[in-house]
Amino acid sequence: MPDVRKWGAGPKRFLKHRHDPVVVQTLRSAAAATLSYVVALRLRPESVPLTAPLTALLVVQVTLYATLTNGVRRVTAVVAGVLVAIAFSLLVGLTWWSLALLIVAALAVGRLVRVDEYVPEVAISAMLVLGVTAIGNTAWARVVETLIGAVVGLACNVLLPPPVWVDEAGESIEELARRQRRLMLRLGEEAAGPVPWELAAERLHEARRLDHDVAEVDADLRQAEESLRLNPRVQEGLLHRVVLRTGLDTLEICTVVLRVLARTFTDLAKSRGPDPLFPPQAGVAVQRLLAEVADAVVSFAVLVTTDVSVSADSAEARLTAGLRTAAGTRDKVALLLREEAERDPRRWQLLGAALTEVDRIIDELDTGHRSRRLLEELDRVSREQQDRLPRVRERVGLPRRLRRGRPGGGRPR
C-alpha cells in the first residue's frame, strides 16, 4: 500500500522553497522564454521562433537594477550576435572553420559596439543562433524574433521584479561571524596551556583564510544590494543596504584584528617554548574573555541581519549585555597580564598587544560606535544621491526655465 505521506512531500517541499531566490529566478526565466516564444509564434505561425526565447533568457537579469542599467548593452550584444550569425548563415553556413571565424568576428563586433562586459555574449548569441538559422531567407525573421525576446525579457523584469537576495547575504554574514567565533574559541582553549609553535602557526593560517571568506560574503552582499535597488518589493532599500554593508565592514575589521591576534599568539608560542602561553590564572581568564567576545561577534551579526520591525531590540540588548560582560572580564585580564609583565618584562609587548587587539574588537562591536558609523554612511549615501541628481538633470536636458531659479545653474544646496 503506498505511503500517503509521500504524496504530500512534494507540494510541501515546493511551498517551503517557493520564496527561494534561485527558484524564483528559475521560474521567471522559464516564464519569459515561454512567453516570448508564444508571442513570436503568434506573429509568425509558419516558423519555429526559437531565437525569441533564446534572447529572452539572455536578457533576463538577476536584479531589476541590473536590467535598467545594463539592459541596453545586453540587448545590443544579443542583437549584434544575431546579426553576425545571420550574415554567416547567408554566406558560408555552419562548418568547423566558419565557427572559428564566427567567434573571432563576433568578439570583434562586440568590441566595436562597446558592450563592455557583455562582449562574450555576442559570440554566444552568434553560435547559438547560427545553429537555428539554416535558411537565408529567414534572416530578418530572426532579427524580429530577437527583438521580441528582448522586449519580453525586459518587460518580465519590470512587471515581475526579480527576487531579493537579502536573506542569503544575511546568512553569509552570520556564517562569517560563526567562523570567527570558532577560531576565537580555539585560541582561547589553547591560551591556558603549552602550545606548539606549529599549532599556533596553523591558527594564524586559519585566520588568514578568513580573508577569502570575507571576499565571498562581499560578493553575496553586492548581489543583495543590487536586488534592493529600484525593487518595488522593498520598502526601505537604502536602509537595508547601509545596515548590511556597515555590518560587513565591521566584521572585516574584526577579521583583520583577529589575524593580528593570532600572530601575537604565534609569537608568544615561539617565546614561551614548552611553557603555557599565559600563567594558569591568566590563561583561564583569557579563555573566558575570548569566548565572551566570540559570542558578541555572533550577536552583532544577528543584529545587523535581523529585520528592524521584528526582533532588533532584543538582538541589540543581547549584544550590549555581552559586550558589558566582556569589558568586565577584560579588566580582570588586564590586571593579571600586568602582574605577569612585571614578573617577566621581556614579554610585556606581546601581552599588551594581545590585550589591545581584544580591545579593538570590543570597540568595533560597540553599539554606540556602530550607530555613529551607520548615520555617517547614511549621510554620505544621501549626499552622493543629491550630487548625482543635478548631473542627471543636465544629461536629460532639463529646460533652463526650470533651473533658472536655482543658484549655480540649478545645483541644489
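**Aromatic pair, cavity and salt bridges**

Guide: The structure holds one aromatic pair.

Visitor: What makes the F265 and F278 rings a pair, and which class of pair are they?
Guide: Rings of Phe, Tyr and Trp (its six-membered ring) pair if their centres lie within 6.5 Å, with planes under 30 degrees apart counted as stacked, over 60 as edge-to-face and the rest as tilted. The centres of F265 and F278 are 5.7 Å apart and their planes stand at 65°, so the pair is edge-to-face. F265 sits in helix α11 (residues 237-272) and F278 in the loop between α11 and α12 (280-305), so that the pair links distant parts of the chain, 13 residues apart.

Visitor: What kind of model is this, and how are residues numbered?
Guide: This is a predicted model, in which local features need pLDDT of at least 70 and side-chain atom pairs count only at pLDDT 80 or more, while totals for chains, interfaces and linings use all residues. Residues are numbered from 1 along each chain as its sequence is written, and side-chain values use heavy atoms, with hydrogens and water left out.

Visitor: How many helices and strands does the protein chain have?
Guide: The protein chain has 17 helices and zero strands. Both are DSSP runs numbered from the N terminus: helices are H or I of at least four residues, strands are E of at least two.

Visitor: Are F265 and F278 buried or exposed?
Guide: Both F265 and F278 are buried. Buried means under 20% relative accessible area, exposed over 50%, and partly exposed in between (1.4 Å probe, protein chains only). Buried residues make up 45% of the 413 residues in the protein chain.

Visitor: How many cavities of 30 Å³ or more does a search of the whole structure find?
Guide: The search finds one cavity of 30 Å³ or more. The largest cavity holds about 70 Å³ of space. On a 1 Å grid over the protein atoms alone, a cavity is a set of points where a 1.4 Å probe fits but cannot get out, and lining residues have an atom within 4 Å of a point. Grid points are joined across faces, edges and corners, and the volume is the space filled by probe spheres set on the points.

Visitor: Which residues line the largest cavity?
Guide: The lining includes F265 and F278, along with L261, V286, L289, L290, V333, L337, A354, L355 and V358. Helices α11, α12, α13 (312-343) and α14 (348-365) each supply at least two residues of this lining.

Visitor: How is the lining of the largest cavity divided by class?
Guide: The lining has 11 nonpolar, no polar and no charged residues. Ala, Val, Leu, Ile, Met, Phe, Trp, Tyr, Cys and Pro count as nonpolar, Asp, Glu, Lys and Arg as charged, and the others, Gly among them, as polar.

Visitor: Why is K332 called exposed?
Guide: K332, in helix α13, has a relative accessible area of 52%, which is over the 50% limit, so K332 is exposed.

Visitor: What makes the contact between D213 and R179 a salt bridge?
Guide: A salt bridge is a side-chain nitrogen of Lys or Arg within 4 Å of a carboxyl oxygen of Asp or Glu. The closest N and O atoms of D213 and R179 are 3.0 Å apart, so the pair qualifies. D213 lies in helix α10 (residues 197-228) and R179 in helix α9 (residues 166-191), so the pair ties together parts that are 34 residues apart in sequence. D213, at 14%, is buried, whereas R179, at 28%, is partly exposed.

Visitor: How many salt bridges does this rule give?
Guide: The count is 17. Among them is E175 with R182, at 3.4 Å from N to O. E175 is partly exposed at 27%, and R182 is partly exposed at 36%. Another is R209 with E202, whose closest N and O atoms are 3.4 Å apart. Salt bridges that share partners join E174, E175, R178, R179, R182 and D213 into one network.

Visitor: Why is F88 called buried?
Guide: F88, in helix α5 (residues 64-91), has 14% relative accessibility, under the 20% limit, so F88 counts as buried. Contact means heavy atoms within 4.5 Å. Leaving aside neighbours within four places in sequence, F88 is in contact with G93, S98, L101, L102, A105 and L130.

Key:
On a 1 Å grid over the protein atoms alone, a cavity is a set of points where a 1.4 Å probe fits but cannot get out, and a pocket is an open set with protein on both sides within 12 Å along at least five of seven lines; lining residues have an atom within 4 Å of a point.
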